[in-house]
Amino acid sequence: MAIMEHAYYASFGYQITSFFAASSRYGTPEELKELVDTAHSMGITVLLDVVHSHASKNSEDGLNMFDGTDSCYFHSGPRGTHDLWDSRLFNYSR
């Protein structure tokens with residue numbers, strides 16, 4: 001399951017808006033811990049999918065246009081856009 005906050009539910013968590021906290025969709029942090037602990041006690045492996053390759057293109061609740069440009073955290077122009085996911089691609093060289 002995707003763990004980070006994302007604005008568009010149909011994206012399954014691949015259009016990230018918050019990179020530093022678990023999504024509130026899973027309840028409080030304590031409730032998420034309880035979910036994982038319960039799954040582990042039942043022998044279920046839990047994989048938390050952390051997506052760091054692309055992010056939401058939203059400019060109001062995401063990092064896109066954070067400094068007023070399209071290239072503060074992402075590649076500028078077409079290289080910074082993932083057309084299939086309708087998201088932004090990070091520029092890791094910065």
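This passage describes the fold, surface and selected residues of a predicted model. Local features required a pLDDT of at least 70 and side-chain atom pairs a pLDDT of 80 or more, whereas totals for chains, interfaces and linings use all residues. Residues are numbered from 1 along each chain as its sequence is written, and side-chain values use heavy atoms, with hydrogens and water left out.

The chain contains one helix and five strands, where helices (H or I, at least four residues) and strands (E, at least two) are DSSP runs numbered from the N terminus. From the N terminus on, the order of these elements is β-β-α-β-β-β. Of the 94 residues, 30% count as buried, that is, under 20% relative accessible area (1.4 Å probe, protein chains only). Among contacts (heavy atoms within 4.5 Å) with a separation of 6 or more, 47% are accounted for by residues 24 or more positions apart.

Leu 89 is located in strand E5, which comprises residues 87-89. The C-alpha atoms of Leu 89 and Ala 55 are separated by 6.6 Å, although these residues lie 34 residues apart along the chain. When neighbours within four places in sequence are set aside, the residues in contact with Leu 89 include Ser 53, His 54, Phe 74 and Arg 79.

Asp 37 belongs to helix H1, spanning residues 29-41. Asp 37 has a relative accessible area of 51% and is therefore exposed, the cut-off for this class being over 50%.
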